[in-house]
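Let's take a friendly walk through a structure, one contact at a time. Have a look at it first, and then read on.

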Amino acid sequence: MNTANDLLTIRNLTTSFRIKDTYHAAVDDVSLSLNKNEVLAIVGESGCGKSTLATTVVGLHNEVNTKVSGDIFYNNQNLAKLNEQQFNNLRGNDIGFIFQDPLSALNPLMRISEQIEEGLIYHTKFTKQQRSERVLELLNHVGIANPKRVARQFPHQLSGGMRQRVMIAIALSCKPAILIADEPTTALDVTIQAQILDLLKTLQTETEAGIILITHDLGVVAEMADRVVVMYAGEVVEEAPVKELFNNPKHPYTRSLLNSIPQTHSENERLEVIQGMVPSLINLPREGCRFSGRIPWIDASSHETKPQLHEIAPGHFVRCTCWKHFHFEGEEGGGTV
Amino acid sequence: MEQKNDVVKVESTPPTGIQVVIREFRKDKLALFSFIGITLLIIAILIMSAFMNQDEILRIKLLERFTEPGVNGYILGADEAGRDMYGQLIIGAKNSILIAIAITLIANALGIALGIIMGYYGGFIDNLFMRIIDFLMTLPTLMIIIVLVTIIPKYGVFELILILSAFQWISTARLVRSKALSEGRRDYVSASKTMGTSDFAIMFKGILPNLSSLLIVELTLNFAGNVGIETGLSFLGFGLPPSTPSLGTLVSYATNPVVLSTKWWIWLPASLLILVLMLGINYVGQALRRAADAKQRLG
């Protein structure tokens with residue numbers, strides 16, 4: 001079911017949350033694929049469904065409040081159809097997950113060594129001796145200076161950067177084929193961010209794992225990613241190789257995002273922003289182009305009634321047709337393709 | 001190289017776990033005193049009772065009836081059947097304490113397990129058990145216990161422990177459930193899941209230790225309560241049979257007006273022991289409760 005180069009294929013994935021007895025799709029009909037040895041970035045504002053997509057892939061949603069439809073193919077298995085037991089064999093072993101806030105994602109009452117060992121206990125037949133050796137090796141690998149001491153410590157005794165390194169060590173403990181990093185640098189300060197990104201990049205080239213990197217930091221995307229998926233309001237609005245996306249952004253949302261990056265060389269002016277905000281799950285317009293409400297100066301006729309993804313260049317997909325007529329507010333526009 | 005190793009040793013960490021408890025007890029002398037006192041008292045009672053001959057103590061000697069304390073080698077006198085009060089007090093205290101410990105352990109083990117399962121899974125399981133608990137809480141516990149005690153044919157220590165445990169787990173389950181509900185939605189639980197950890201391991205190896213501060217307090221105060229409920233039942237005559245001395249049966253001699261007004265040595269020592277035990281355990285429990293909550297700490 002996976003094509004030769006694909007590691008993970010997501011097809012028509014919809015994740016809906018139950019709010020007051022009706023289901024609202026937070027991830028709406030998303031299809032994408034991750035290749036071996038590739039960093040796929042998923043970008044978008046808060047509330048666009050990035051994290052929901054990631055947590056759906058590892059099956060973290062409980063069945064009481066969430067409905068998942070569509071397929072997630074990995075290694076000829078459909079993750080969307082697995083039961084808890086089958087998922088537990090896969091999680092940690094084949095898919096590693098790095099959380100946003102390392103402090104809350106580490107158990108405050110377990111020593112670092114125990115937390116790293118957890119995955120090894122379930123997925124390997126290592127003896128206790130081998131496990132503790134592997135823990136030290138991993139800590140060393142993620143650049144922790146004194147692995148022996150850190151292994152005995154508790155999460156509150158470490159700095160933010162060290163905690164995130166530990167998180168990465170945990171995710172890597174069983175050499176997963178896929179690493180999902182959900183905003184791995186958001187909770188860290190800028191110097192540490194760079195170190196963590198470098199570390200991820202090095203580890204990725206070493207292990208040849210595929211990484212899904214979820215972020216809203218376009219700087220991170222430019223530095224890390226091979227391919228970028230832009231999500232808005234639960235949908236993929238644009239997908240392109242990283243260079244193509246930065247040089248030739250098409251969808252109004254992507255262009256607005258890029259436009260709102262502060263420019264260091266222009267000294268004047270106010271920061272550019274995107275008008276309005278991401279509509280909440282309940283008020284999300286399900287008909288027509290979902291971004292249209294935030295670019296009201298664009299004529300309604302330029303949107304498709306049922307926006308589809310169009311391939312406008314090899315590997316470059318854009319949803320809706322409004323990009324052909326898009327211009328920033330106050331600029332002359334229209335017709336520039 | 002050697003110098004380097006010395007430098008590494010220097011680090012300051014906030015006090016954790018047992019250190020916080022020790023600091024709290026240092027500040028609260030009453031709790032420290034209670035803790036040492038209660039521990040020594042319980043150990044002394046257990047050791048002394050091991051060397052006592054229960055049959056000898058419980059043998060009826062009518063000639064020694066109502067012997068006053070200090071006479072004929074009766075340290076605390078004798079009751080209306082001439083039985084040594086001192087021996088009865090020690091054995092009674094041992095029985096009461098062991099029964100309270102057993103009830104506390106059984107009831108809390110059940111309550112904690114159910115509470116964590118309810119809080120962690122939520123949804124249907126949670127609703128189901130919460131309704132059952134709501135129902136059980138509306139029942140008049142004392143009356144049901146009394147009825148059960150009367151209708152059970154072969155009634156002894158073991159049966160009493162089971163009956164009391166059957167009603168004690170409810171409050172623990174509610175308490176643990178509310179905490180597990182919030183704890184189970186923390187990121188580290190999801191993180192643990194992404195490593196392929198089974199639900200069972202997450203509940204009892206991940207979440208349970210994070211509830212420990214709450215549970216230690218709950219166990220301690222429950223223990224005091226269980227000493228109370230056993231003695232209370234025995235006093236009313238629905239606890240242990242008279243052949244098994246306990247603090248409650250000893251106090252219940254005071255229901256006889258003659259004993260109450262003139263033979264103080266029969267009921268006073270047991271009453272004082274109950275008072276000391278309950279107060280001491282409560283002081284310890286309160287110190288532990290403060291230690292568990294950073295806002296209330298004294299130390």
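## Two helices of chain B that cross

Helix H3 of chain B (residues 29–50) and helix H5 of chain B cross at roughly 120 degrees, and their axes come within 9 Å. Axes here are lines fitted to C-alpha atoms, for helices over the stretch in contact, and angles run from 0 to 180 degrees between N-to-C directions. Helices (H or I, at least four residues) and strands (E, at least two) are DSSP runs, numbered from the N terminus. The crossing of H3(B) with H5(B) is left-handed; that word applies if the near helix is turned anticlockwise from the far one by less than a right angle, while right-handed applies if it is clockwise.

Which residues meet here? From H3(B) come B:Ile42, B:Ile45, B:Leu46, B:Met48 and B:Ser49, and from H5(B) come B:Ile90, B:Ile91, B:Ala93, B:Lys94 and B:Ile97. By class, the contact of H3(B) with H5(B) has 8 nonpolar, 1 polar and 1 charged. Two residues are in contact if their C-beta atoms, placed from the backbone, lie within 7 Å. Ala, Val, Leu, Ile, Met, Phe, Trp, Tyr, Cys and Pro count as nonpolar, Asp, Glu, Lys and Arg as charged, and the others, Gly among them, as polar.

## How to read this model

This is a predicted model, in which local features need pLDDT of at least 70 and side-chain atom pairs count only at pLDDT 80 or more, while totals for chains, interfaces and linings use all residues. Residues are numbered from 1 along each chain as its sequence is written, and chains are lettered from A and ligands numbered from 1 in the order in which they are written.

## H5(B) meets another helix

Helix H5 of chain B (residues 85–121) also packs against helix H6 of chain B (residues 123–138), at an angle of about 135 degrees and with the axes 7 Å apart. That angle makes H5(B) oblique to H6(B), because angles under 35 degrees count as roughly parallel, over 145 as roughly antiparallel, 65 to 115 as roughly perpendicular and the rest as oblique. H5(B) and H6(B) make a left-handed crossing.

On the H5(B) side you can find B:Leu114, B:Ile117, B:Met118 and B:Tyr121, which meet B:Gly123, B:Ile125, B:Asp126, B:Phe129 and B:Met130 of H6(B). The residues of this contact comprise 7 nonpolar, 1 polar and 1 charged.

## A helix pair in chain A

In chain A, helix H4 (residues 112–123) and helix H5 (residues 128–141) pack at about 115 degrees, with their axes 10 Å apart. So H4(A) is roughly perpendicular to H5(A). Their crossing is right-handed.

H4(A) brings A:Ser113, A:Ile116, A:Glu117 and A:Leu120 to the contact, and H5(A) brings A:Arg131, A:Ser132, A:Arg134, A:Val135 and A:Leu138. These residues divide into 4 nonpolar, 2 polar and 3 charged.

## Where the chains touchThe contact between the chains takes 19 residues from chain B and 24 residues from chain A. On the chain B side, helix H9 (residues 187–194) gives the largest share, 7 residues.
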